[in-house]
Each structure stands twice: as C-alpha cells, then as structure tokens.
Amino acid sequence: MSKIAASILAADTMHMGDAVRLIQESGCDAIHFDVMDGVFVPNISFGPKLLEDMSAEFDAWFDVHLMLADPSHYIDVFAQSGANMITVHLESANYQQAIKRIRELGLQVGVSLKPATPASALQTLHDMPDMVLVMSVEPGFGGQAFMPEMIEKVAQLRTMGYTGEIEVDGGVNLENGKLLAEAGADILVMGTKFFKSENPAELVRQIHQLGKNKL
C-alpha cells in the first residue's frame with residue numbers, strides 16, 4: 001500500500017485548522033510541513049509556532065521538511081514543536097550534524113535530494129536515514145510540473161540497496177504516482193492535487209491502492 005502525505009503548504013492559510021481536519025478525515029497518513037527560509041530555496045513559508053499549534057490541537061504525524069541553508073540550528077525547536085520526523089537536505093550546510101541531533105532527540109530521520117543530486121549521494125552518509133525524500137520538482141514553490149526522470153532515481157535507490165522508506169514530492173498525481181510506486185516509492189506527497197480535489201477521500205483511497213506491484 002502506498003501512503004499519502006498532504007502538503008500543508010498548498011492549504012488556504014486563512015483556514016489552516018480546517019485544512020488539517022480535511023487531511024485527517026480523508027485518511028491521509030501524514031502532514032507534510034515544508035519549512036523554507038528564502039535562502040536555501042526562493043520562498044518563505046512557516047515557522048515552528050504553526051507546527052506547535054497544530055500538534056497541540058491534532059493527533060497527527062508531522063513530517064517536517066527543512067529547506068534551510070543550515071538546518072542544524074533549528075532541529076531542537078521543531079522537535080519541541082511536535083515534529084515526528086525531520087527531513088534535511090544533503091545539499092545544505094552541516095547536514096551530518098543535523099542528522100545526528102535528530103537521532104539524539106529520538107525522532108525519525110529523513111534526507112532529501114534535489115533533482116540534480118544523484119541517488120549515489122546517499123552513500124556519503126555514515127548511517128542510512130529512515131526515509132529518503134526525492135524532490136521531483138525544484139523545491140520552493142507548489143504546483144510545478146513533475147520531472148519524470150525522478151522515477152529512475154527512485155529505482156536507483158532501491159538498486160543501491162536502500163531499504164528505508166522513499167517519499168516523492170513535487171507534481172505527483174495518480175498517473176505518475178503509480179509509476180513511482182512500482183519503482184519503489186512508499187510515500188507520495190500531494191499538495192495542490194489534494195486540496196483542489198473534488199473528493200479528497202477518494203483520492204486518498206486510490207493512492208492507498210497503489211504500490212502493490214513494486215519492483
């Protein structure tokens with residue numbers, strides 16, 4: 001079964017509480033929480049206060065994706081604010097230090113790869129993360145077109161022997177989601193597609209049906 005993480009970045013910022021309720025009522029597996037600093041990526045999003053308020057109100061799994069120039073300075077505050085998993089980029093500064101701190105705090109570790117970063121870059125790590133996030137668009141803004149060559153990157157991670165979860169974020173829909181699941185992806189992030197769906201619960205059901213014929 002494939003999992004779906006709904007990206008809160010695509011929600012109506014005037015109705016964030018309603019967005020989380022919709023995510024939960026539709027049966028999503030996680031809330032994908034994008035944090036952007038306007039330096040590492042050309043956009044600015046949310047801070048830890050929003051996560052703190054959401055985690056206090058809702059019993060949900062928060063998958064926090066730090067798109068920050070140096071995420072090592074922010075691990076503790078997002079952990080204290082309710083993150084269940086924190087994902088940092090291999091392209092960011094001090095990522096090894098950030099990963100070490102996430103482990104020390106007892107949270108799950110995610111590592112993200114931008115589109116231009118090869119799957120082989122994962123081999124630079126001292127220990128493997130719980131999840132690898134493959135960006136299938138250039139990080140920074142929602143609603144971009146999916147890069148089909150990222151399907152091969154997912155397959156390469158499996159060929160390399162990576163056995164943890166693989167998440168894919170950026171332009172994901174049911175059509176490319178099926179191919180991603182077959183290549184070895186476990187979690188599909190959907191933002192615009194989820195929140196603009198006429199029937200989010202049915203979309204989630206269809207995503208859950210994917211991944212039965214993985215390579």
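1. Asn94 is in the loop that runs between strand 4 (85-89) and helix 4 (95-104); helices (H or I, at least four residues) and strands (E, at least two) are DSSP runs, numbered from the N terminus. Its phi is near 55 degrees, a positive value in a residue other than glycine. Most residues other than glycine have a negative phi. Asn94 counts as partly exposed, at 39% relative accessibility; buried means under 20% relative accessible area, exposed over 50%, and partly exposed in between (1.4 Å probe, protein chains only).

2. This is a predicted model: local features need pLDDT of at least 70 and side-chain atom pairs count only at pLDDT 80 or more, while totals for chains, interfaces and linings use all residues. Residues are numbered from 1 along each chain as its sequence is written, and side-chain values use heavy atoms, with hydrogens and water left out.

3. The loop between strand 4 and helix 4 also holds Ser92, which is buried at a relative accessible area of 6%. A polar atom of the Ser92 side chain lies 2.6 Å from the backbone oxygen of His89. Leaving aside neighbours within four places in sequence, Ser92 is in contact (heavy atoms within 4.5 Å) with Phe40, Leu68, Ala69 and Pro71.

4. Over the ring of Phe40 sits the charged end of Lys114, 4.2 Å from the ring centre. The criterion is NZ of Lys or CZ of Arg within 6 Å of the ring centre and within 35 degrees of the ring normal.

5. The largest nonpolar core has 63 residues, of which Ile8, Val64 and Ile86 touch the most other members. Such a core is a set of buried Ala, Val, Leu, Ile, Met, Phe, Trp, Tyr and Cys residues joined through side-chain atoms within 4.5 Å. Helix 5 (residues 150-159) gives the most to this core, with 5 residues. Apart from this core lies another, of 9 residues, among them Ala5, Met135, Ile187 and Val189.

6. Not counting residues up to four places away in sequence, Ile8 touches residues including Phe33, Phe46 and Phe195. Phe33 is buried at 0% relative accessible area, and Phe46 is buried at 14%.

7. There are 2 aromatic pairs, by a rule that takes rings of Phe, Tyr and Trp (its six-membered ring) with centres within 6.5 Å; planes under 30 degrees apart count as stacked, over 60 as edge-to-face and the rest as tilted. Phe33 and Phe46 have ring centres 5.4 Å apart and planes at 45 degrees, so the pair is tilted. Phe33 lies in strand 2 (residues 30-36) and Phe46 in the loop between strand 2 and helix 2 (48-57), so this pair ties together parts 13 residues apart in sequence. Phe194 and Phe195 form an edge-to-face pair, 5.0 Å centre to centre with 85 degrees between the planes.

Terms used
Polar contact = N/O pair within 3.5 Å; in protein donor to acceptor, adjacent residues only side chain to side chain.
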